[in-house]
Amino acid sequence: MTDQPIFERIRDYVTKDDVVLFMKGTPVFPQCGFSSVVSQVLNHLDVKYQSYNVLEDMELREGIKAYSDWPTIPQLYVKGEFVGGCDIVKEMFQTGELQSLLTEKGVAA
Amino acid sequence: MGEVSDAIMEKLSAALSPKVIDVINQSEMHKGHAGYSNGESHFAVKIVSDAFEGKSRLARQRLVMDALKAELAGPLHALSIDAKTPAEAG
């Protein structure tokens with residue numbers, strides 16, 4: 001992975017908080033259906049998370065895709081580790097894996 | 001079927017030799033949304049392939065997205081992926 005200046009900021013974001021969501025819009029006003037689903041899952045699980053609106057930050061919007069080598073947004077991180085986008089988060093929630101992951105990582109749900 | 005649907009179908013077929021592949025154009029559901037373009041911007045794919053055997057969810061989605069790199073960098077704005085092994089698909 002080629003290091004870009006933005007990576008340092010992203011690393012800071014994903015380590016500062018346990019659960020971090022990069023999304024389009026905000027949890028209150030999501031601007032994309034996929035981002036909305038992920039934030040609803042987290043709200044439903046009553047997980048405390050920090051969100052970043054990539055629509056307000058073009059550097060972050062492109063940087064996060066390179067950081068995780070993942071071409072789409074939303075992106076969920078738990079304890080600095082990339083978990084996935086909407087499909088993965090939804091599936092993991094439905095099977096209970098997301099809840100287990102959060103418990104395993106010591107994040108209260 | 002449009003140009004983008006055809007490309008998705010062709011590239012995934014070549015890369016993953018799927019047992020089952022379904023490419024669903026959901027673009028009309030997103031009309032008026034920022035990423036909408038020419039009716040071929042939002043897709044869902046369902047794929048059953050041996051290539052997913054023993055692979056995590058992340059790894060499976062990466063396989064699919066890697067095959068569609070050119071499309072994702074261009075007209076393909078959103079892609080929902082359902083990736084199963086033949087055993088899981090039942």
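What is the volume of the largest cavity in this structure? It is about 180 Å³. A cavity here is a set of points on a 1 Å grid over the protein atoms alone where a 1.4 Å probe fits but cannot get out, and its volume is the space filled by probe spheres set on those points, joined across faces, edges and corners.

Before going on, some housekeeping. This is a predicted model, with local features needing pLDDT of at least 70 and side-chain atom pairs pLDDT 80 or more, while totals for chains, interfaces and linings use all residues. Residues are numbered from 1 along each chain as its sequence is written, chains are lettered from A in the order written, and side-chain values use heavy atoms, without hydrogens or water.

Back to the cavity. The structure holds one cavity of 30 Å³ or more. Of the 18 residues that line the largest cavity, those closest to its centre are Phe34(A), Thr72(A), Ile73(A), Pro74(A) and Leu79(B); a lining residue has an atom within 4 Å of a point. Strand 3 of chain B gives the largest share of that lining, three residues. Strands are DSSP runs of E, at least two residues, and helices are runs of H or I, at least four, numbered from the N terminus.

Next, the interface. 18 residues of chain A are in contact, meaning heavy atoms within 4.5 Å, with twelve residues of chain B. The area buried between the chains is about 1300 Å², with 57% from carbon and sulfur atoms; buried area is the accessible area (1.4 Å probe) that two parts lose on being put together, summed over both. On the chain A side, Phe34(A), Trp70(A) and Asp87(A) lose the most, together 37% of what that side buries.

The rule finds two salt bridges across this interface, each a side-chain nitrogen of Lys or Arg within 4 Å of a carboxyl oxygen of Asp or Glu. One of them joins Glu91(A) and Arg57(B), at 2.6 Å, N to O. Helix 4 of chain A gives the most to the side of chain A that touches chain B, with five residues.

Last, the largest pocket, of about 330 Å³. A pocket is an open set of points with protein on both sides within 12 Å along at least five of seven lines. Which residues lie nearest its centre? They are Asp87(A), Lys90(A), Ala44(B), Ser80(B) and Ile81(B), out of 18 lining residues. Helix 4 of chain A gives the most to this lining too, with five residues.
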